[in-house]
Amino acid sequence: LDIEEFRKAGYAAIDRICDYYYSLSSLPVKPSVSPGYLSHHIPKTLPESSEPFNHILDDYTKLILPGLTHWQHPSFFGFYPTACTFEGMIADLLVSSACNPGFNWASSPACTELEVLMMDWAAKLLGLHSDFHNSSSKGGGAIQTTASDSALTAVVAARSLYARTHPTVPHESLVLYTTTQTHSLGLKAAKILGLNVRAIEVKAEDGYSLRGEALRAALDEDLKNGKHPFMLIATVGTTSSGAIDNLPEIKQVAKDHPSLWIHIDAAWAGVALSCPEYRDQLYHAEINEIATSFCTNFHKWGLVNFDCSTLWVRDRTLLTEALDITPPFLRTKEGDSGLVIDYRNWHLALGRRFRSLKLWFVFRSYGAEGFRAYIKRCIAMNDSFITELKQTKLLELVTAPSLALSVFRISPSALASSPSSTSTEPTATLETLNTLTKSLYSRLTSRNDILLTQTVLNGVFCIRFVVGSERTVLEDVRKAVGVLVEEAEGVVAEWRK
Ligand code: PLP
């Protein structure tokens, strides 16, 4: 394409995006294609000669769109959201036009400088301690691709710190602590780095959160057996149930284990720190006191288009000591002067995308006020969901709701002999409830007007409902409750037969 052809094709592509968003709520949330569907439509090798661009764009609509799961659909209540905005899209388009790997200050000063500033805007929005601000010149933050990448970076830095401070300790004796509810990012980082992991059991009665005494027992036992605890990944908002590890208790344990690096993974829930009213329940004060590193994903519930995982460290040298390798071809006078940040030393790769532009666009367009209003709106919609769910008597929460997430199953009262009775049949065992909830989930997955996801909590099969799409309104939540009631009634009627 030349510039004028690009102008035309670009306008046409924006038109298609607008049409897509106008039609989004009438599209099925998920595709009904079979594995390999695309190979029937796309040739096995690239074309020898050029094709007209409008044909290519047409094929996007014809072949690709039908194979997409629409994460921005107002009835998408699965996983955790990837809330995205037009502001983010436009920023990404501009970033793509400059196409710039901005790995150090000199390679594109604006990329570094905007990221330095945006990470401080974000840190202030979330109320992170000033030690984490880039302006502190002590700690600071950098944008990574994903929370898994942020955790891996933190584990690399923690291992490197431990090796420097304990040079005689063999690598094989290091232990990374997670819980049975930690996202698989802990195991993945350990697998990549060849580290031992100990996943501490968490209990239903503790709301699946890590308690201090369980952590202390694990650390003491491992120390007694000659192992070396070097890092804990604590979670604020677990994937399955939004559980929040007990940071006040962990803080007490950490006092006796000063060399334990504490990484806090708040991939989903972290952005709710923007609202002062949720800070206590998210252990905001303890995050500020004990986190060696902290991560949240603005690309999940933070209105910024995928990908944008924000990672802060209390001491930036922890990253640079682990990751700074400077061959002559990467040497610059600004880097050598120490006056600038060279972000290539704050992450695993060399090149990095210019992700801060979308943060800047979203932050300015929404303002902190608009950002908080969106978070609160999602939580309020989940509150309405819970109120309606409880009224149905067909479904019950399995854990306390966490912000905009509810985890539920078929309720034993749905199996009561008469709808008005509160007594339950003796058959309402865990096995029965699991079977019926699985059957409900299977009915839901066979529909394409709604998307929820499943999980298992200590043997209990559950369904998760998360509000987070920027386009979801209360009416969509009500519709979702209607669908759940319809399908749950079907499950119970079948069971009664
Ligand atoms: N941590 C938590 C608590 C999550 O819920 C998730 C994904 O849902 C992740 C980490 C992984 O995020 P990412 O895809 O950014 O690696």
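β9 and strand β11 (residues 460–466) are antiparallel partners, joined by four bridges. Welcome to the exercises! The model is a predicted one, in which local features need pLDDT of at least 70 and side-chain atom pairs count only at pLDDT 80 or more, while totals for chains, interfaces and linings use all residues. Numbering starts from 1 along each chain as its sequence is written.

Helices (H or I, at least four residues) and strands (E, at least two) are DSSP runs numbered from the N terminus. Two strands pair if DSSP finds at least two bridges between them.

### Exercise 1

Work out the strand order of the open four-stranded sheet and name its edge strands.

*Solution.* Next, take strand β8 (residues 395–397), which runs antiparallel to β9 and is joined to it by three bridges; here L395 has I410 of β9 as its bridge partner. Then turn to β10, which five bridges link to β11 in antiparallel fashion; V456 stands opposite F461 in β11. Put together, the order is β8-β9-β11-β10, with antiparallel pairing. The edge strands are β8 and β10 (453–457), each pairing on one side only. From one strand to the next, the twist averages 45°; such angles run from 0 to 180 degrees between N-to-C directions, along axes that are lines fitted to C-alpha atoms, for helices over the stretch in contact.

### Exercise 2

*Solution.* First count burial: six of the six residues of β9 are buried. A residue is buried if 20 or more other C-beta atoms, placed from the backbone, lie within 10 Å of its own, exposed if 12 or fewer, and partly exposed in between. Then look at the hairpin, which has two residues between its strands: N458 takes a positive phi near 40°.

### Exercise 3

Describe the open sheet of seven strands.

*Solution.* Begin with the order, β1-β7-β6-β5-β4-β2-β3, in which the pairing is mixed. The edges are β1 (140–144) and β3 (196–200), since each pairs on one side only. On average, neighbouring strands of this sheet are turned by 20° against each other, direction ignored.

### Exercise 4

Classify the packing of α1 with α2 and of α5 with α6.

*Solution.* The axes of helix α1 (residues 3–23) and helix α2 (residues 53–64) come within 11 Å and cross at roughly 15°, so α1 and α2 are roughly parallel. Helix α5 (residues 147–165) and helix α6 (residues 185–193) have axes 9 Å apart and pack at about 50°, which makes α5 oblique to α6. The cut-offs are under 35 degrees for roughly parallel, over 145 for roughly antiparallel, 65 to 115 for roughly perpendicular, and oblique for the rest. Finally, handedness: α1 passes α2 in a right-handed crossing, and the crossing of α5 and α6 is right-handed. Right-handed means that the near helix is turned clockwise from the far one by less than a right angle, left-handed anticlockwise.

### Exercise 5

Which residues come nearest to the ligand?

*Solution.* Of the 16 residues around the ligand (C-beta atom, placed from the backbone, within 6 Å), T146, S148, H183, T239 and A267 come nearest.
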